[in-house]
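Reader: I would like to learn how to read the features of a helical model. Please take them one at a time, with the general idea before the case.

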Amino acid sequence: MPRVPESHLAARRDQIIDAATARFAVNGFQATGMADVIAASGLSAGAVYRYFRSKDELIAAIVERVLGEAAGRFEVLLQQESVPDPAQAVATAVRMVDDVAGRGPVDLTRVAVQAWGEALRNPEVHAVVERAYGTIRGFFVEVVRRGQAAGTIPADADPLHLAATMLSAVLGFLVQRLLLGDVDPEAYAEALRVTWTGSARSGA
């Protein structure tokens, strides 16, 4: 029997993850069963279970994809010569959240929020979420350290705790965007800048 190309296997796996992401985004992790995912994928049960032995494995793969993409974007930003100050770094993250949310057929931030609750009961998902958010917070830590080296951030500031507040600002935007729907990413970013610098941008 000829060997199935890796590209075909990867495409099938992505097809399953796409279908599951759409179902989870609408109905949540707990209310969506493997039968729902199988039906949405258009594949047979055997084909789906060939790639994912359980719903937990599928959830972990989805969370890895969603949060991994965010972490990857931050890593690209860190490779640039110019590192933004804290307000600019958070603004960049907020704009990224808004971009990811509106890019596909389903709002991926819905899946990210649901992953928080799932992580509290599922060790496998918790490990994925912890790793991804740890990487994102690490980006903010690096922003703080580079700012301290440049003299724009007080040398006695704690990089980890300042980074934690920066991450909280991003997650706060994500939650308010989903639950309240009245937060504009650009206005939010400007408000953060005012909060941290104490002055509004001229012409704003």
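**Reading burial, contacts and helix packing**

Author: Ala89 is buried, at a relative accessible area of 0%. Buried stands for under 20% relative accessible area, exposed for over 50%, and partly exposed for what lies in between, with a 1.4 Å probe and protein chains only. The model is predicted: local features need pLDDT of at least 70 and side-chain atom pairs count only at pLDDT 80 or more, while totals for chains, interfaces and linings use all residues. Residues are numbered from 1 along each chain as its sequence is written, and side-chain values use heavy atoms, with hydrogens and water left out.

Reader: Where is Ala89 placed, and which residues does Ala89 touch?

Author: Contact means heavy atoms within 4.5 Å. Ala89 belongs to helix H5 (residues 86–103). Not counting residues up to four places away in sequence, Ala89 touches Pro84, Phe139, Phe140, Val143 and Met166. The C-alpha atoms of Ala89 and Leu77 are separated by 9.2 Å, and the two residues are 12 residues apart along the chain.

Reader: How many helices and strands are there in the protein chain?

Author: Helices (H or I, at least four residues) and strands (E, at least two) are DSSP runs, numbered from the N terminus. The protein chain has 9 helices and 0 strands, and its pattern along the sequence reads α-α-α-α-α-α-α-α-α.

Reader: What are the overall figures for the protein chain?

Author: Taken along the principal axes, the C-alpha atoms fill a box of roughly 65 × 35 × 30 Å. Of the 204 residues in the protein chain, 41% are buried. Accessible areas come from the Shrake-Rupley method with a 1.4 Å probe, and for residues only the protein chains shown count as cover. The accessible surface of the protein chain is about 11,000 Å², and 55% of that surface belongs to carbon and sulfur atoms. Among contacts between residues at least 6 apart in sequence, 66% join residues at least 24 apart.

Reader: How is a pair of packed helices described?

Author: Two packed helices are described by the angle between their axes and the distance between the axes. Axes are lines fitted to C-alpha atoms, for helices over the stretch in contact, and angles run from 0 to 180 degrees between N-to-C directions. Angles under 35 degrees count as roughly parallel, over 145 as roughly antiparallel, 65 to 115 as roughly perpendicular and the rest as oblique. For helix H8 (residues 159–179) and helix H9 (residues 185–197), the axes come within 12 Å and cross at roughly 150°. H8 and H9 are therefore roughly antiparallel to each other.

Reader: What is the hand of the crossing of H8 and H9, and which residues meet there?

Author: A crossing is left-handed if the near helix is turned anticlockwise from the far one by less than a right angle, and right-handed if clockwise. H8 passes H9 in a right-handed crossing. From H8, Met166, Ala169, Gly172, Phe173 and Gln176 meet Pro185, Tyr188, Leu192 and Trp196 of H9. By class, this contact of H8 with H9 has 7 nonpolar, 2 polar and no charged residues. Ala, Val, Leu, Ile, Met, Phe, Trp, Tyr, Cys and Pro count as nonpolar, Asp, Glu, Lys and Arg as charged, and the others, Gly among them, as polar.

Reader: At what angle do H6 and H8 pack?

Author: Helix H6 (residues 108–121) packs on H8 at about 110°, with the axes 10 Å apart. That makes H6 roughly perpendicular to H8. The crossing of H6 and H8 is left-handed. Thr109, Arg110, Val113 and Trp116 in H6 meet Leu171, Leu174, Val175, Arg177 and Leu178 in H8. The residues of this contact divide into 6 nonpolar, 1 polar and 2 charged.

Reader: Where is Leu43 found, and which residues is Leu43 in contact with?

Author: Leu43 is in the loop between helix H2 (34–41) and helix H3 (45–51). At 15% relative accessibility, Leu43 counts as buried. Apart from neighbours within four places in sequence, Leu43 is in contact with Arg12, Gln15, Ile16, Ile38 and Val48.
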